Every structure is written in structure tokens, then in C-alpha cells.
Amino acid sequence: MQQRAIRNRFLLNLRDMQKNILNQLKTIEREKGVAILYAVESGSRAWGFASPDSDYDIRFIYKHDLEYYLSLWDKPDTIEFMTTENLDGSGWDLRKTSQLLAKSNAPLLEWLYSPVVYYENSEAIAPLRALAKDCFSPIACLYHYLGTTKNFMTVCEQEQVKLKSYFYALRTALAGKWIIENNSFPPVAFIELLPIAPPEIQDKIKELIQIKAQQDEIYLHPKEGLITNFLLETIAFNQEHASGLGSGKKSSE
């Protein structure tokens, strides 16, 4: 009974937060004079290893009216907001989105495949997903993930480590390994990447996910040598196999 009550409270809070997010997006539409085509969760809540105090990382794609696109001059193509309810929002204009898709921009691809969708205009987003698949560049995405993993290694090798740093490094390391082994864009949900890790690493990661779900972002965890060594081995593996990947289809249509 107690577990059911906890689950019901969680679902109620989630519905309330989704309502707040949609209201905030409607406010952005009114204030900025745009139409939002797509809005998702990005970051730890989409990846599946959020802490109790994690922000809501809202990412969205929007369009202006015709006059905006007929202008000779460059205009702002990004909208950002931060609210007192920990709603961290960032959106890209449709033209910028299309340009980045043609370059196989990994963060944008993660938006399009996010498991947590707040709003979707299917008529607009289906062609973008098709373009994302058509223009997917294994080598470009691998180098994005490889660079991110390396950026976190200094903090991951400290004696006390924020679990957030461990998970950011693990997710990007496994995403790179996925690209090498499957020649496809990796799943956004972290749990779907785990099968390509050795069993002992999977067990340790699941243990750390349980800890992170109960600790705030400032929590420092004792260094896990098993995880650190796996990260270093995976970085070496990803670097060794990077040169054998394709660059994908170039498209400027």
C-alpha cells in the first residue's frame, strides 16, 4: 500500500510538472511570436539517471512567420529560459535545426529520439527524423561523444566523484562504442546502452543508478576503480576504431 501511494504521488507530481512545462512553452510562443513544433526532455531525466533535484532540461524546435525567413539579415535563432521551478529551456529555430541535421549534430539527434516528449507536431517532425536518418554521420557523432567522455575524465579520476560526472562519461563512452559496433545512432535511454558493457560493469552501473536516485547533485561518491578503468579502456577502443567509420551522406537540399 505504501509503495502504491508513493507511486501515485510520483505520477501526480509528474503530471503537474508536464502541465507547467506546456504552460511555459505556450508563454514562450506568445512572448516570442513563434510556433513550437516539438518539445522534449533532454539530460539526465531523459537518459534515466536523474537525481531528486535534477533540473528539467527542456529542448524544443520552433518556427517563425514567413517574414523572418525572407529577411536579408541574420536574426536570433535560439530561445532560452530558466524558471524558479528548475525548468531549463533551450530551443532552436527550424532553419538552424535543419542546418544542424545536415551536419549530423549529435545533441539534436538526441532531441529527435528522446523517450520523453512533451509536444510533437508530427507533420513537421516526421520529415526531420527522416532527414536525421539519411544524413547520419557515424564518425561525426563518435567524435562528439569521444570528446565529451574525455572532458569528464579528469573529475572521474578524483578520489571523490560526483555521480553525475560518472554517468555523463559512461553514457557518452557507451554511445561511441554503440556507433562502432552497430553503425547506427545510439539509444538515448541509458539503460538501452548497458547490454554492450561487460556484466560486472552493468551490475556496478545499476548499483550507482540506485544511489543517484536517492542523492542530490552535490553528493560525492568514492572513486570506483572498476568504472574508471572501463572508461579509459572504452576511450582507447573508440579512438582506435574511429578512422574506420563512414562520414554519412552530405546533403544541402
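Predicted model: local features only at pLDDT ≥ 70, side-chain atom pairs only at ≥ 80, totals over all residues.

Mentor: Residues are numbered from 1 along each chain as its sequence is written, and side-chain values use heavy atoms, with hydrogens and water left out.

Trainee: What span does H9 have from its first C-alpha to its last?

Mentor: Helix H9, residues 199-212, reaches 20 Å with 14 residues, close to the 20 Å expected at 1.5 Å a residue. The expected span is 1.5 Å times one less than the number of residues. Helices are DSSP runs of H or I with at least four residues, strands are E runs of at least two, and both are numbered from the N terminus.

Trainee: Which residues of H9 are buried?

Mentor: Ile-201, Gln-202, Lys-204, Ile-205, Leu-208, Ile-209 and Lys-212. They cover an arc of only 165° around the axis, so they sit on the same side of H9; the arc is taken over directions from the helix axis to the C-beta atoms. Buried means under 20% relative accessible area, exposed over 50%, and partly exposed in between, with a 1.4 Å probe and protein chains only.

Trainee: And what is exposed on the other side of H9?

Mentor: Pro-199, Asp-203 and Gln-210.

Trainee: What do the buried residues of H9 pack against?

Mentor: Helix H8 (163-182), strand S7 (220-222) and helix H10 (225-242).

Trainee: How do the axes of H8 and H9 cross?

Mentor: They come within 11 Å and cross at roughly 140°. Axes are lines fitted to C-alpha atoms, for helices over the stretch in contact, and angles run from 0 to 180 degrees between N-to-C directions. H8 and H9 are therefore oblique to each other. Among the residues that meet are Phe-167 and Leu-170 in H8, and Ile-205 and Leu-208 in H9. Contact means heavy atoms within 4.5 Å.

Trainee: And the axes of H8 and H10, at what angle do they cross?

Mentor: Roughly 35°, with the axes coming within 10 Å. The contact includes Ala-169 and Ala-173 of H8 and Leu-231 of H10.

Trainee: Different topic. Is Thr-149 buried or exposed?

Mentor: Thr-149, in helix H7 (residues 138-156), counts as buried because its relative accessibility is 1%.

Trainee: What is Thr-149 in contact with?

Mentor: Leaving aside neighbours within four places in sequence, Thr-149 is in contact with Ala-169, Thr-172, Ala-173, Leu-231 and Ile-235.

Methods. Parallel < 35°, antiparallel > 145°, perpendicular 65-115°, else oblique.
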